[in-house]
Amino acid sequence: MALDHLFFKRDVPFPLVDIDLAKATDAELKVLSKDMGLSLSLDEMRRIRDHFVSLKRRPTDVELESIAQAWSEHCCYKSSKVILREHIFGIDNGKVLSRGDAGVMEFDDEYGYALRIESHNHPSAIEPYGGAATGIGGIVRDVLCMGAQPIALVDPLFFGPLDHKGELPAGAKTPKYLVSGVVAGIRDYGNRIGIPTVCGGLYFDESYLGNCLVNVGCVGIVKKKDLRNNAVGGVGDYLILCGGRTGRDGIHGVTFASAELSSKSEDESRGAVQLGDPITKEPLIHACLEVNSLGLINGMKDLGGGGLSCVVGEMALSGGCGAEVDLDKVPLKESGLAPWEVWVSESQERMMLAASEKNVKRILDLFAMWDVDATVIGKVVPGKHVTLRWQGVQVFQVDLDFLTKGPEYCRPCKIETPSKTIKEVRPLLPDTKTVLLDLLADPNIASKEWVFRMYDHEVRGGTVVKPASGMMNLGGPSDATVIKPLPDRERGLALALGVNPWFCGLDAYRGGMASIDEACRNIIAVGGYPDSFTDCLNFGNPEKPERLGELKQAVAGMGDLARFLNLPVPSGNVSLYNETAKGSVLPTPTVLGLGIVEDVRRCITTDLKKEGNLLFLVGETKEEFGGSAVYRRYGAKGGVVPEVIPERLKRSMDEMHAAMKKGLIRSCHDVSDGGIAIAVAEMCLGGDIGAEIKTNYESWYLFSESNTRWIVEVEPSKEKEFLGCLTIPVTKLGKIGGRSLRIKTEVDRTRIPLKEMRKAWSGALPKLMG
Amino acid sequence: MVVAEIRIELKPGVADPEGKNTKKALELLGFNDIKGVRSIKMFEIEMDADPAVARKECEEMCRKLLANPVIQKFRVDLR
Amino acid sequence: MKHVKVCVLRIEGTNCEDEAATAFASVGVSPEKVHLKQLLGQCPSDLKRDLGSYDILMLPGGFSAGDYVRAGAIFAARMKSGLKKDIVRFVEDGKPVIGVCNGFQILVELGLLPAMDGTMSEAPEAALYTNDSGRFECRPTLLKQEKRGKSVFTSQIPKGSVVMYPSAHAEGKLMFPRAQQKKMLERLLENDQVVFRYVDPDGEHAGYPWCPNGSLHNIAGICNPAGNVLGMMPHPERVLKRETHPDWTRVKWKEDGDGLSIFRSAVQSVR
């Protein structure tokens, strides 16, 4: 359909088009949205048309593009906001300092910590190296713009099976290629900017074949007096754009993120994948923190999705003002960009500062010393409008209320709980030794050392509990990592992930709860106490009722548990449309939990410490195998997804924490993927010592993944005092010693040498990655 | 104006992990008949100078920054 | 006691300056993080600094200038073009210079190490090349102190003792020109320039992963013949306290980390 009759090129020496929306038919509006890459629905296009009809003028291309950015799923959460508001928002225990681009919580009297996690899924599926790298860049800016020094990165990643042989969805790349690229992108960007990548996860499932998930989280530390709002200070402030230059890279990134991937995505969306430049970012971090701590700026915000078009409006509106911008002052990577391209470009490594006139010169000088571009591009004005000029010509003037109050939907939602409808089919299991070795070598459980040794997880010199715990170069996995943010204080932060997409696939509500439970028990296991969460919700197309149902249920589960624990979720991110023609990804709500560690010198690690010490199971094991590693490995169907009893979790956390504070626990590991058997095996690997355990049940119970459980090591002399601390169920499992893991169940005895376990667990990933 | 192409390559016998890993990545993308991949770095430098002077300056650049003689050799081509 | 001034030098991409400064601060002196442009006078006048006014120079780790061209090469070239005289004087005055990780790479590119024939060689005489594994390696490494004579950095680390400084680098394999490898190594040993070598938990010189990069003769750190310029790949500034050691929850507690002694030694030498 030709739409030429709607476009009126303005007689100015640069590209500027007025679009006659008033004359457009519904069919034409639809085509217009598609042709311009706006990803807006017909209703939304009509709303824009009516707005400009009421203003009695035609919108310019700059205005239309800008509104599309602001109203994209990515920017305004139009499908998820109603659900999030109901379940997640607003939990407040009085320790939330800010809910800005990153959430900020109280750390101690003087400091706060910032946290956020978000997705960079679609760009990484198209260009894994650049996509992952810019994902890090974006999340670091979110933390930085609160005035916080970034101190840790976290990366949960989800791919198709590494050994996938069959057909790939059209346009998809092999999982192995994607893993290599994503890991290299995180490595090269994270290592270069000097922020330790301390925590992560690698998850493999068929559902991620065409649409991998790359979630990136960042934690920062900020003096309360340096905490910044993402807002201008007031009328008269100068707007200073700093960091990287603006180019055509990353145009339509947010609208691209708000559509399903297809075989054409690669060709159509290359422009939406930005290129990162860590060596612009690194000094940008220094310069921004320096001008902030000197008190030279009033507000700061990063340029992410939507670029300038989002940042200027949001900063002005948050400060109760409008803004005027001379768009042609923006430093460009290449000449010839149209005004709308400059306005919506998502070029990386850019920050916006708002500062009073008297401080502008000093700010520009300091940026010059760091060789980072900084340019005054506009000014804050009274009123509620943003006005843009290009070579003196007004190209844009939009009411901020209209621009930023994007649509919100209560889309139809269908709730299904497959675990209740699928008939449970238990698989036939081989002998316990085979099962254990198979599970240790399962890529979802096997050692991730191949990955985390490539990440500098110790830069900044504050990593206390590292990704590996135990003997040097022989360590087992850690439950949470612990960072000491300030060199002169022993107070620390524990970072832990919680996510189980297989639980969520069968029962999104229980899966959502389990993700919170997992993050909590990981934090408890290192000696911390849960303090807050940030979440990245990766789901399919919300326009399909059953997909939205999954989102709603998972969020309800997470929210119900977080609210019960009274632990806030001060930031988060939603990534929808994670699907291809072959279907949706498993519902994947990734939770990053943060815990406070009062004294990092009292932390506990997972590795077994001493021959003769006793092993206990804390918590209750139930017949809950739905979504478990053993069911997946041996082709079972259905099953009950492990439930969480909120009261039980809270009591367990408190009692375990108290026992740890009394110094009664020598090592501790949460029970998750693979159940008790795998937890104990991993503890043996870290301590390079065997153990003997006994259970009165059948071997099945060894692999149940019931929530709220830990394995703990206790010295015999402290057994009584330890048991005296607990009112929750606790079972003596056995004791430490020897060079093998011996398991006695009601029906059989098994002996697995350490050597064989290590070979299975450590060898799996390097072998698959070749 | 002259354009100098400065080619920096590893001296014989120095291992080339970038080449090796690139080969692996290319094979993962389905290119199966690759025998070897070598990484060679190229800088293109535009100069406003007499060719003889330009060559000399480029060689100086290599000595001052672009090549480490312990592991790398360089070649300057003008066009 | 003398007031000791430490210059922690940085450019864009230097990223271990905070913990490097903390290291000096925790042994009781006042470090200052200084941008190279402050020494070159390319900054507002109140920020200008003079290298000669400092007692110790530290080049921290990181990816200076992105490690583009070669690790450390750009930082070294910029220092050499604008500060050569000042640096040579600093070294010839016997003041301590320490480069860690990227700092070591810079010292080698700068010609301050191994510097067997004078304070600073015209061209680099060695290279820190890509690890044998071809990968970035972030892992604990054990180092044996092997210097026979005294050095300003090891007065508190007895010869033959083993310390744990973690490594995190992709290019840490010390190399000399192939044809002269053997001869250069002999001279290095003869000059008593080898300070640290990678060992395993039994104190034996061992291969991967204990030597993470395949370095010549397991060398982790070297000094100049005079002993006041030290370069090393592993990071002492990351283990100032016991709790950042990799296995601290397994061993008997003591407060100090292994890294402190190197900074204590350096400071003691200028007091």
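Colleague: Leaving aside neighbours within four places in sequence, which residues is A:L440 in contact with?

Modeller: A:L440 is in contact with A:I445, A:A446, A:I678, A:A681, A:M757, A:A760 and A:W761. Contact here means C-beta atoms, placed from the backbone, within 7 Å. This is a predicted model, where local features need pLDDT of at least 70 and side-chain atom pairs pLDDT 80 or more, while totals for chains, interfaces and linings use all residues. Residues count from 1 along each chain as its sequence is written, and chains are lettered from A and ligands numbered from 1 in the order written.

Colleague: How many residues does the largest nonpolar core have?

Modeller: 327, and A:L440 is among those with the most contacts inside it, as is A:L239. Such a core is a set of buried Ala, Val, Leu, Ile, Met, Phe, Trp, Tyr and Cys residues joined through C-beta atoms within 7 Å; buried means 20 or more other C-beta atoms within 10 Å of a residue's own.

Colleague: Why does it lie between domain 1 and domain 2 of chain A?

Modeller: Because domain 1 (4-74) and domain 2 (414-442 + 606-762) both give residues to this core. The domain bounds come from an automatic or database assignment.

Colleague: Switching topic: how many residues of chain C are in contact with chain B?

Modeller: 17, against 12 residues of chain B. That side of chain C divides into 12 nonpolar, 2 polar and 3 charged. Nonpolar covers Ala, Val, Leu, Ile, Met, Phe, Trp, Tyr, Cys and Pro, charged is Asp, Glu, Lys and Arg, and the others, Gly among them, are polar.

Colleague: And chain C with chain A?

Modeller: That contact takes 35 residues from chain C and 38 from chain A.

Key: Two residues are in contact if their C-beta atoms, placed from the backbone, lie within 7 Å. A residue is buried if 20 or more other C-beta atoms lie within 10 Å of its own, exposed if 12 or fewer, and partly exposed in between; C-beta atoms are placed from the backbone.
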